[in-house]
Amino acid sequence: MKYPLCLSIFLLIMVSGGTTEAARRVDLKTAERLVVERNLDLRAVSFDARAADSAVKREYGIYDPRLNLSFTEAESRDPLNLQFFRSNSASELRDFSSSLIQKLPTGADLSLSFTDNRQRTLTRPKPEINPAYANELKLGLVQPLLKGFGSTVTEQQILFAVTDRNIAVQDLREKAFGLVADARNGYFNVLRFRDDLKFRKTSVALAKKVVEDNRARERAGVLPPVEVLEAEVGLAKREIELLDARKLYEDALDRLAFLLDLPDEIEIGEELLAPLDVEFSEEEGYRSALVKRPEVQRRMQQIEKLDLQKTVNRNEILPSVDLDASYSHKGLGEDINDGFDGIASDELRNWAVGLTLSYPLGNRDARYELARTEQLIKGEHARLR
């Protein structure tokens, strides 16, 4: 699934690095952009999503080949208790071994190993070849046939990490959508309070004109003084309403500036917001919500993760049956080159094929873990509905 809006949010956050200059005039598009660029909570959630993506790449490390090297040099002395005499034996040992192991998607471990062994007997009786160089080049395969078989089980941690990354992306989308909605609501509130402020200013101007007209009429003797007093009270009331409207407007500007993380005062542009031409379809809206709403997608991702866990748990119930196969060539000689010649020849070839069965009697751990996962899936489906 692709999230073009989420990628745009990532780009805005990581490229902008936060705007350093406060914008004096702000329109709706600028407000939406600034709230995405400058909000620290959104930036923190974006780093969580990037960390989740790094976790996915980390889990692919199971397919990194593993190299093992070992070197041993030793001297041993042991008593000999033979039929006709008693003596001591002494020998020197030098052993070098290396192996390269590769994990396969089927769950198998494929290995290639080389062993170089040098042994020299120091006491009698001595063998015919002394020192003796014994080498072996071996190709091995251990393949699970039931438990542990298949790419789903092998890559379970990768799949879990992918689901966690998708959930983190939905968290980022939900946070971004909420911030953009807050910015739009704050912007519209500023417009509403600004229009109300204009209305209150006009109301005060009209009230002042009424007071002036009533005073002129009162001086002309055609209007009683009480009418002038009532006009002055009305003017005072309109002026109080104007002060309240100005406070509401300035508070709305402050809240919008705080949301956009702008330290200086801001001004709203004189743009005219035309009504949106929206065609409403309940069926189409429902389908769109299932695809786009972050909280729905997050719940579906959690169900997907539990379904994967259920598949893994079912595999854990199976007995462990492993196929173990190997093929090797060995060599033996008075020096190391003779040992390599033996490996190159086909005289000392070895092969082996075997099966290993293992199954815990009762296996309550795996069975009840499967039952627990099934109950969690039912609970997530209930929450989704």
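Ala289, Leu290, Val291 and Lys292 in α7 meet Pro294, Val296, Gln297 and Met300 in α8, a contact being heavy atoms within 4.5 Å. By class, this contact has six nonpolar, one polar and one charged residues; Ala, Val, Leu, Ile, Met, Phe, Trp, Tyr, Cys and Pro count as nonpolar, Asp, Glu, Lys and Arg as charged, and the others, Gly among them, as polar. Helix α7 (residues 282-292) and helix α8 (residues 294-317) pack at about 60°, with axes 6 Å apart. The axes are lines fitted to C-alpha atoms over the stretch in contact, and angles run from 0 to 180 degrees between N-to-C directions. α7 and α8 are therefore oblique to each other, given that angles under 35 degrees count as roughly parallel, over 145 as roughly antiparallel, 65 to 115 as roughly perpendicular and the rest as oblique.

The model is predicted; local features need pLDDT of at least 70, side-chain atom pairs count only at pLDDT 80 or more, and totals for chains, interfaces and linings use all residues. Residues are numbered from 1 along each chain as its sequence is written, and side-chain values use heavy atoms, with hydrogens and water left out. Helices (H or I, at least four residues) and strands (E, at least two) are DSSP runs, numbered from the N terminus.

Helix α6 (residues 225-260) has 36 residues and spans 53 Å from first to last C-alpha, close to the expected 52 Å, which is 1.5 Å times one less than the number of residues. Its buried residues include Val228, Leu242, Tyr249 and Leu256, where buried means under 20% relative accessible area, exposed over 50% and partly exposed in between (1.4 Å probe, protein chains only). Their cover includes β1, α2, α5 and β6.

Beyond four places in sequence, Val35 contacts Leu179, Val180, Ala183, Leu259 and Leu260.

The peptide bond from Asn130 to Pro131 is cis, with omega near 0°, and Pro131 lies in the loop between β4 and β5. Asn363, in the loop between β8 and α10, has a positive phi near 50° and is buried at 9% relative accessibility.
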